[in-house]
Amino acid sequence: EMIVVNKPGAGGALAWSQLNSMPGDGHTIVGVNLPHIVLQPLEAGTQFKTEDITPVYFFHYTPDAIIVTADSPFKTFGDLVRAAREKPESVTIAGSGTNTANHVAQVRLDREQNIRTTYVPFKGTGDLVSSVLGGHVAAAMSYSTLAIQRKGKMRMLAVATEKRLLQFPDVPTFKELGMNWVDGAYRGIAVPKSTPPAVRKQVSDMMDAINKDPELRKRMVEGGFEVTDIPVEQIPAFVKERSV
């Protein structure tokens, strides 16, 4: 039996700040994601530090993707880059929040292409979608999942996966466009720091078994997620690599 307790607030920061006050008995787990557990503590007033979080498994990531409306004048990734070069800061790119995966991806885009776009943060995906569809911003730095959900009204210009997505065989990857960019928002679970190492391993193994279920993996791929299998032994190196 599983009891789900939602703690809305600050994009997960409320739950993460309370994590270590919860019992470390192996029966209490909290959803986490990267880069949010690294970026949020950079903001003043955040009640937790990255090292306070004890992840034990990461099961998938949502690939970064540049998304525009179906009738956007930007037909290709090159079109968007050219427009940004011709008129710096004129290309507006929506994303969910500040110091989030979307924000980092927009900064990365500018750095990789030596351009200057303007980032427009939104509190949630709903407002972001409305703004893109309404033509208030030129594009969105979001995820492949949004492109799948809004297929027909929106389309992707590029996606941060190793290979092209089955759902979008005509959309190039960032790697094909010359960038070493395979990234997105990684999702996993964490336990209270008081959880004994042996119990952390048990929870990690449990998640690994669930994540290896063929039907579950099929559904995640169909939804636009990229499946990962990162167990507790690999977590320290993985988090360190993604914190640089």
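This is a predicted model: local features need pLDDT of at least 70, side-chain atom pairs count only at pLDDT 80 or more; totals for chains, interfaces and linings use all residues.
Helix α5 itself spans residues 125-133, and its buried residues are Leu128, Val129, Ser131 and Val132. Viewed down the axis of α5, these buried residues fall within an arc of 165 degrees, so they line one face of the helix. An α-helix has 3.6 residues a turn, so residues three or four places apart point the same way.

Just after α5 comes Gly135, which takes a positive phi of about 80 degrees.

## Strand β2 and its partners

Strand β2 is largely enclosed by the rest of the structure, because 16 of its 16 residues are buried. Its pairing with β7 (residues 184-191) is antiparallel and consists of eight bridges; here Pro63 stands opposite Gly184 of β7. Strand β8 (residues 226-230) also runs antiparallel to β2, to which it is joined by three bridges, and within β8 the bridge partner of Tyr61 is Glu226.

Two further strands pair with β2. Four bridges connect β2 to the antiparallel strand β5, where Met141 is the bridge partner of Ile66. Five bridges connect β2 to β6, again in the antiparallel sense, and Arg155 in β6 is the bridge partner of Val68.

## Nonpolar cores

The largest nonpolar core contains 21 residues, and those with the most contacts inside it are Ile66, Phe77, Leu109, Phe174 and Trp181. Two or more residues of this core come from each of β2 (54-69), α3, α4 (101-113), β5 (139-143) and β6 (154-159). The greatest share is that of α3, which gives five residues.

Trp181 illustrates the contacts of a residue in the largest core. Apart from residues up to four places away in sequence, Trp181 touches Asp64, Ala105, Arg108, Leu109, Met141, Ala160, Thr161, Phe174 and Lys175.

## Aromatic rings

Six aromatic pairs are found in a search of the whole structure. One of them is the stacked pair of Phe174 and Trp181, with 4.0 Å centre to centre and 10 degrees between the planes. This pair counts as stacked because planes under 30 degrees apart are classed in that way. Both partners are enclosed: Phe174 is buried at a relative accessible area of 0%, and Trp181 is likewise buried at 0%. Elsewhere, ring pairs link Phe58, Tyr61, Tyr186 and Phe238 into a cluster.

Charged side chains also lie over aromatic rings. Lys151 is placed over the face of Phe168, 4.7 Å from the ring centre, while Arg187 is placed over the face of Tyr143, 5.9 Å from the ring centre.

## The loop residue Glu89

Glu89 belongs to the loop between α3 (77-86) and β3 (92-96). With a relative accessibility of 46%, Glu89 counts as partly exposed, because that class lies between under 20% for buried and over 50% for exposed.

Beyond its neighbours within four places in sequence, Glu89 is in contact with Arg116, Thr117 and Thr118. Glu89 and Tyr119 are 30 residues apart in sequence, and the distance between their C-alpha atoms is 8.8 Å.

Key
Residues are numbered from 1 along each chain as its sequence is written. Side-chain values use heavy atoms; hydrogens and water are left out. Rings of Phe, Tyr and Trp (its six-membered ring) pair if their centres lie within 6.5 Å; planes under 30 degrees apart count as stacked, over 60 as edge-to-face and the rest as tilted. Buried means under 20% relative accessible area, exposed over 50%, partly exposed in between (1.4 Å probe, protein chains only). A charge sits over a ring if NZ of Lys or CZ of Arg is within 6 Å of the ring centre and within 35 degrees of the ring normal. Contact means heavy atoms within 4.5 Å. A nonpolar core is a set of buried Ala, Val, Leu, Ile, Met, Phe, Trp, Tyr and Cys residues joined through side-chain atoms within 4.5 Å. The arc is that of the directions from the helix axis to the C-beta atoms. Two strands pair if DSSP finds at least two bridges between them.
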